Amino acid sequence: MKRAIWALWLSTLLALAGWYGYRLYAGDELQAFNPGPLSAGHHQLEQACGACHLNPLGGGEVLQKACVSCHGEELKAAHDAHPQSKFSDPRNADRLAHLDARYCLACHVEHAPERTREMAVTQPDDFCVHCHARIAEERPSHQGMAFATCASAGCHNYHDNRALYEDFLVRSADQPVFQAIARIAAPASLADKHPGWQKPAAAPQADAPLERQTDAAVADWLASAHAEAGVNCSDCHQAQSAGWEARPALQVCQGCHAGEAQGFFAGKHGMRLNPALPVKLTPMRPQWSQLPFTAESAGHELGCSSCHGAHRVEQREAAVQACLGCHADEHSLAYQDSPHQQLWLAEQRGELPPGSGVSCASCHLPRETAEVHGQSRRLVQHNQNANLRPNEKMLRGVCLDCHGLPFALDALADPRLLQNNFQGTPAQHVPSVDMALERASSELHR
Ligand code: HEC
Ligand code: HEC
Ligand code: HEC
Ligand code: HEC
Ligand code: HEC
Ligand code: HEC
Ligand code: HEC
Ligand code: HEC
Ligand code: HEC
Ligand code: HEC
């Protein structure tokens, strides 16, 4: 009798867990199980619980696996200053007593809005003390500093310190406010991207059925890089079948622009369309965000055409006008009165050499070297979150092309300059460059 009750209890439990798990994974009507809102970086995944809960019955290790599958590469590329491997070293074992930093969940819990700070951090802002309590003894320059200031305003980051390492600060310390040649890299040319490509001799001829050849579509296409490169109507509209597809899917673009699509899927514009998600979500819309957007953009769906248009596949309007068609927060609107925008307009008028201007895209969709199909290529980074937070990530890939490190570091640490889109000089000074210099010279004299 006892055994039968046990069996019944066990099978009911398993059935319940299975059902709960299936629902969690399948992603339908899940709000009932949601223990609380997700962090700001993940709010778009509210209908894709399975993105993190890879296995419905799994706990910590399973969640860790999910975090690493989406963020592992970026942390590795950032030379993560506190990687898991640092803490597997037995010499550091004692440090884990207070905080087991081998696990993402030690610092980034979800569904806990009441204790979630910026960047989904669920530790108090002085948590560095757990492991660096003796820093003032090791470095006299740090005496009297509060632990809450370690990671604020331009001194240290927990993961990404590429622009903040001591030797980098020392090397960059005497850079002037403006670099001698203040310019960003030119975009890659067609021949650069497709070695061996040659401009076709004859003018391109649209290959769509005549009834589809609307004046606007043909004119826009004729003026585009696609016509020049020999990408015809059928390459998009009849790519997946012989029949005419009125609205070619994003996968069609992806077929030829894998690198751009990969970036798009990794950031907030395209994360809902990431093919790696366990469920298919609809594209993101401005009305679902907490950020301020223009009223007209409310119903717009984010895809490649939101910035490029269907046939013009244009890059200049995509870099400013398209953004301002949607974004209407104080920082974005203020760009229109900034010195950077003046440079951008002067470049468009041909008064300054290419790359002298600073568009929204210069900062948020910078040109980078990326691996595509095993080849190294210069591409536009389409993940606008890749260098956004902590914002010192923008230094190396963007600001330092034109400004010296000390000035740019101060500018990025000034909340007023972030708000007014860099109109004016920084009001405060980040002391880390001076401290690094001081230490380097005292070591030299020792
Ligand atoms: C971005 C990743 C992520 C997504 C998406 C996500 N979760 Fe979670 N979830 C977590 C993490 C991390 C924890 C562990 C929290 C902890 O340890 O306190 C967790 C814990 C839970 C728990 C256990 C609650 C507790 O307090 O221990 C439940 C139930 C849960 N999630 C349900 C859901 C549901 C339902 C969805 C979809 C609506 C969802 N989760 C989406 C990351 C996620
Ligand atoms: C399906 C892929 C996916 C999974 C799984 C995932 N994330 Fe994310 N995460 C994203 C995307 C996309 C963003 C938004 C873009 C960005 O900020 O990089 C984001 C944002 C973040 C941010 C905030 C960055 C900011 O600027 O606010 C943190 C921190 C983070 N994730 C940590 C985690 C942790 C920890 C886990 C595991 C519990 C996890 N993520 C699971 C895709 C994922
Ligand atoms: C000991 C605490 C701690 C642990 C453990 C931790 N993080 Fe973080 N994480 C932070 C802090 C603090 C930030 C805020 C930015 C900073 O200071 O670098 C952050 C920021 C981030 C960001 C935002 C972007 C960036 O480059 O900073 C991502 C993504 C992220 N963490 C992912 C992860 C993942 C994935 C893991 C597990 C492999 C993890 N974190 C483990 C403390 C931690
Ligand atoms: C769980 C323990 C732990 C926590 C929490 C922690 N660190 Fe570390 N940190 C280490 C270890 C271990 C090293 C390796 C060097 C050493 O032994 O001091 C290190 C090294 C560093 C370095 C030296 C640079 C480098 O890349 O080698 C800096 C700077 C640093 N941490 C800053 C911070 C800041 C800022 C915080 C809080 C945001 C923090 N750490 C939180 C354990 C920790
Ligand atoms: C780079 C891919 C691409 C190429 C090349 C292309 N189109 Fe399109 N076209 C699109 C996309 C994407 C849309 C849908 C836009 C939207 O969703 O608003 C579209 C929409 C259309 C539409 C409106 C929908 C319909 O069928 O009524 C017409 C007409 C059209 N294209 C004709 C053409 C013609 C003619 C050519 C060749 C001269 C051409 N397209 C070349 C991508 C392309
Ligand atoms: C059959 C392959 C193919 C398809 C499909 C395709 N493209 Fe292209 N695209 C090209 C080639 C080739 C170029 C020219 C040079 C290059 O590689 O950037 C180009 C150039 C571009 C450019 C740069 C324009 C410029 O002024 O230099 C953009 C933007 C673009 N494509 C967007 C798209 C979008 C959006 C889609 C889907 C609607 C798409 N492409 C579909 C092959 C393709
Ligand atoms: C948020 C707006 C935006 C979205 C969405 C967007 N792009 Fe772009 N894209 C740009 C801007 C701006 C540039 C030019 C940046 C520059 O020249 O500095 C660009 C450049 C390009 C280029 C030419 C430069 C290069 O990388 O070789 C291609 C190709 C391209 N995009 C394809 C795509 C595809 C495919 C998608 C959809 C997966 C897409 N874009 C979505 C804004 C966008
Ligand atoms: C069709 C409307 C639309 C267009 C066009 C557009 N965006 Fe966005 N953007 C969004 C939405 C929606 C989000 C997601 C906000 C969220 O997740 O809450 C977003 C997110 C962002 C973020 C991340 C904000 C954050 O706090 O994580 C940045 C940065 C950004 N966009 C910059 C740009 C730039 C630069 C351009 C032009 C090259 C652009 N956007 C074009 C709608 C748009
Ligand atoms: C000189 C570089 C630069 C230019 C130009 C620039 N931004 Fe930014 N943008 C930043 C930095 C830095 C941040 C702040 C990141 C942080 O610290 O949170 C930011 C933040 C943002 C955010 C996130 C706001 C939030 O509250 O989360 C959006 C959206 C954005 N920018 C859009 C734009 C648009 C649209 C344009 C053009 C009209 C533009 N930016 C021009 C550097 C720039
Ligand atoms: C393509 C080159 C270029 C890039 C990239 C660039 N800037 Fe600038 N920036 C300039 C130039 C040139 C000026 C001076 C414009 C003028 O005074 O007319 C300027 C002006 C400024 C100013 C205003 C200075 C003043 O005295 O009014 C600030 C602040 C600033 N930049 C910060 C930044 C930051 C932070 C970044 C990176 C996120 C950045 N810039 C990226 C070229 C650039």
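## Iron sites and ligand shells in a predicted model

The iron atom of ligand 10 is coordinated at 2.0 Å by His340 (NE2) and His403 (NE2), where donors are N, O and S atoms within 2.8 Å of the metal (3.2 Å for Na, K and Ca), and water is not among the atoms, so sites may look incomplete. The structure is a predicted model, in which local features need pLDDT of at least 70 and side-chain atom pairs count only at pLDDT 80 or more, while totals for chains, interfaces and linings use all residues. Residues are numbered from 1 along each chain as its sequence is written, chains are lettered from A and ligands numbered from 1 in the order in which they are written, and side-chain values use heavy atoms, with hydrogens and water left out.

### The iron sites

Around the iron atom of ligand 10, the six donor atoms make angles of 87 to 180 degrees, and the site is octahedral; six donors count as octahedral if opposite donors are over 155 degrees apart and all others between 65 and 115. Ideal angles at a metal are 90 or 180 degrees for six octahedral donors. His340 belongs to helix 17 (residues 339-348) and His403 to the loop between helix 19 and helix 20, so the pair ties together parts that are 63 residues apart in sequence; helices here are DSSP runs of H or I with at least four residues, numbered from the N terminus.

The iron atom of ligand 5 is coordinated by His237 (NE2) and His311 (NE2), at 1.9 to 2.0 Å. Its six donor atoms subtend angles of 89 to 179 degrees, which makes the arrangement octahedral. His237 sits in helix 10 (residues 233-237) and His311 in the loop between helix 13 (305-308) and helix 14 (316-319), so that this pair links distant parts of the chain, 74 residues apart.

For ligand 1, the iron atom is coordinated by His53 (NE2) and His111 (NE2), at 2.0 Å, and the site is again octahedral, with angles of 86 to 178 degrees among its six donor atoms. His53 lies in the loop between helix 1 (2-26) and helix 2, whereas His111 lies in the loop between helix 3 (84-88) and helix 4 (129-132), so the pair ties together parts that are 58 residues apart in sequence.

| Residue | Relative accessibility | Class |
|---|---|---|
| His340 | 17% | buried |
| His403 | 14% | buried |
| His237 | 11% | buried |
| His311 | 29% | partly exposed |
| His53 | 23% | partly exposed |
| His111 | 24% | partly exposed |

### The shell around ligand 2

Of the 18 residues around ligand 2, His42, Cys67, Cys70, His71 and Arg389 come nearest, a residue being near if one of its heavy atoms lies within 4 Å. Nitrogen atoms of the ligand lie 2.8 Å from a side-chain N or O atom of His42 and 2.7 Å from one of His71, while an oxygen atom of ligand 2 is 3.0 Å from a side-chain N or O atom of Arg389; a polar contact is a pair of N or O atoms within 3.5 Å. Helix 2 (residues 60-77) provides the largest share of this shell, four residues. Ligand 2 lies between domain 1 (50-161) and domain 2 (190-195 + 213-402), because both give residues to its shell; the domain bounds come from an automatic or database domain assignment.

### The shell around ligand 8

Among the 25 residues around ligand 8, those that come nearest are His269, Ser289, Cys323, Cys326 and His327. Oxygen atoms of ligand 8 lie 2.6 Å from a polar side-chain atom of Ser289, 3.3 Å from one of Lys268, and 2.9 Å from a side-chain N or O atom of Arg389. Helix 13, helix 15 (321-326) and helix 18 (360-364) are the elements that give two or more residues to this shell, and helix 15 gives the most, with three residues.

Definitions and conventions: A polar contact is a pair of N or O atoms within 3.5 Å; within protein, one must be able to donate a hydrogen and the other to accept it, and residues adjacent in sequence count only if both atoms are side-chain atoms. Four donors count as tetrahedral if all angles lie between 85 and 135 degrees; four count as square planar and six as octahedral if opposite donors are over 155 degrees apart and all others between 65 and 115; anything else is irregular. Buried means under 20% relative accessible area, exposed over 50%, partly exposed in between (1.4 Å probe, protein chains only).
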